[in-house]
Amino acid sequence: MKTDFHAAMDVLITGGALVLESGTVQGNLAIRNGKIAAILAEGVELPAQRRIDARHLLVFPGVVDPHVHFKEPGPGRIREDFLSGTRQAAAGGVTTTVEMPLSQPLVTSRASFMHKYEVAKSQVVTDYALWGLLPADDLDRIEELIDCGCVAFKAFLSTDPDAPKLTGYKLLEAMKEVRRHNRFIGFHAENADIIDSTAAAMAAAGLSGGLAHLQSRPDIAEMEAISRIALFAEETGCDVHICHLSSGRARDIIRQARGRGVSMTVETLPSYLVLDDADLDRWGVFAKCNPPIRSRENQEVLWDMVLKGEINMLGSDHCPYTDDDRLKHKGDIWAVPPGLPGIELMLPLMLDAGLNQRGIKPEKLAHLMSSAPARRFGLGTRKGAVRVGMDADLVLADPNHCWVYEGARSVGKQKSSLTPWEGKALKGQVIETMVRGHTVFREGEVCADPGTGELIRPEFNCIPSEDAGNERGILR
Ligand SMILES: [Zn+2]
């Protein structure tokens, strides 16, 4: 990409630590027409309409969250919607959300995809892409959904109130069809029978509370499901993705599958890396999610998998329920719907627990939270890296700012304010978020109009390789 230096830039960000794929360097960054126009050495200036002083700040690529539930269209809107969800995304430094198909109607056809698009397009303040639900009952819909721009297909091995459960024959046939189209399936990987039967027995015995929820979803349920997915993937050649890995005991199964040539990416959530069973015990119904939050020892295995690249990316699985949704069940862990809000805190949690506490380099965090999901979901031609020519989706973050999270002051407070994050002390804060060069969040305020976000359709065959080498552009 050629840059005409005689024309003024729209924005010049000066003095920041630019988180490039090859490493973090001090420098200046210029934006024009919504794209990163130039990456400049420290002190090198270009005329610009607006200057941003980023001294002491990290300039990250905008986070690409591969896993959010905005529940719109449908009766769930009260719990979350595209406007509220993307406002929280902006506050959390998330510039592209990949939204799950569990709205009403389920996204299983062109009509339902386009219906969701029509609802979303006037609401969103950040960019977004859409999952489809694997249409195992009508395989012709796979091509139809790909044609609409769906990035991947979600399938459930567990019992979910909103989505059909797939176990054997239909899943195999659908995997063959997805393989034929060179796309991939993302799985909720838990064995339904083990969980449903255990939970029923525990409820009948009068057990309740957060730890009962954990015991009802043992590691073996996740291990068996991942093992089955790996076997089916090997048999069909279908490319697969494990959503929200919670059990470190599945590590060997994943390693062995990859060793046999199975193409399998794995996502985990900051919730699993930060919360443990003591939080689940303390917060009970407010910390219920599926798969469950597990032990501290398990958490260490997940961190090790993150550090070694065995876990490819992070997602939020943002799925809030109102405070009333939680309270009306009077502490009955079996009756409460599963899901935690998370998009607003995803990056701050990782700045705190990853960068500050574990010394993870900023560029590794950027890989896990931006470039890896962007590439995996076909968005990598425009999203996921601080590189000349990419969309100017950027987060200015202060890695040293200490603050305390309060739900009642959060951007997401009108949806839910009672969460296990309440009172969490964090070192690391989002200062400003930009989508295509426009500021959508700055110093605590969302400042973008509804409808300014764009649907991003995937491009799978023209994504620059990881070491494409032109990221520094005209660095000089
Ligand atoms: Zn989910």
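Which residues in α2 meet E144, L145 and C148 in α3? Select R110, F113 and M114 in α2. Two residues are in contact if their C-beta atoms, placed from the backbone, lie within 7 Å.

**Before moving on**

This is a predicted model, in which local features need pLDDT of at least 70, side-chain atom pairs count only at pLDDT 80 or more, and totals for chains, interfaces and linings use all residues. Residues are numbered from 1 along each chain as its sequence is written. Helices (H or I, at least four residues) and strands (E, at least two) are DSSP runs, numbered from the N terminus.

**Stop 1: α2 and α3**

Show helix α2, residues 110-120, and helix α3, residues 140-148. Their axes are 9 Å apart and the packing angle is about 25°. Axes are lines fitted to C-alpha atoms, for helices over the stretch in contact, and angles run from 0 to 180 degrees between N-to-C directions. The two helices are therefore roughly parallel to each other. Angles under 35 degrees count as roughly parallel, over 145 as roughly antiparallel, 65 to 115 as roughly perpendicular and the rest as oblique. The crossing of α2 and α3 is right-handed: the near helix is turned clockwise from the far one by less than a right angle. By class, this contact of α2 with α3 has four nonpolar, no polar and two charged residues. Ala, Val, Leu, Ile, Met, Phe, Trp, Tyr, Cys and Pro count as nonpolar, Asp, Glu, Lys and Arg as charged, and the others, Gly among them, as polar.

**Stop 2: the open sheet**

Now select β6, β7 and β8. These three strands form an open sheet in that order, with parallel pairing. β6 (63-68) and β8 (127-130) stand at the edges with a single partner strand each, so one side of each has no neighbour in the sheet. Neighbouring strands here are turned by 20° against each other on average, direction ignored. Four bridges pair β6 with β7, residues 94-99. Strands pair if DSSP finds at least two bridges between them. Pick V63 and its bridge partner in β7, V94.

**Stop 3**

Select β5 (residues 58-61) and β15 (residues 394-404), which run antiparallel and are joined by four bridges. L58 stands opposite A397 in β15.

**Stop 4: P338**

Go to the loop between α12 (323-327) and α13, and pick P338. With 19 C-beta neighbours inside 10 Å, P338 counts as partly exposed. A residue is buried if 20 or more other C-beta atoms, placed from the backbone, lie within 10 Å of its own, exposed if 12 or fewer, and partly exposed in between. Leaving aside neighbours within four places in sequence, P338 is in contact with K288, C289 and N290. F286 is 52 residues from P338 in sequence and 8.9 Å away in space, C-alpha to C-alpha.

**Stop 5: α13 and α14**

Finish with α13 (residues 346-358) and α14 (residues 362-376), whose axes come within 11 Å and cross at roughly 140°. α13 and α14 are therefore oblique to each other. L347, M350, G354 and L355 in α13 meet P362, L365 and M369 in α14. Buried residues in α13 include M346, P348 and D352. After α13 comes G359, with a positive phi near 70°.
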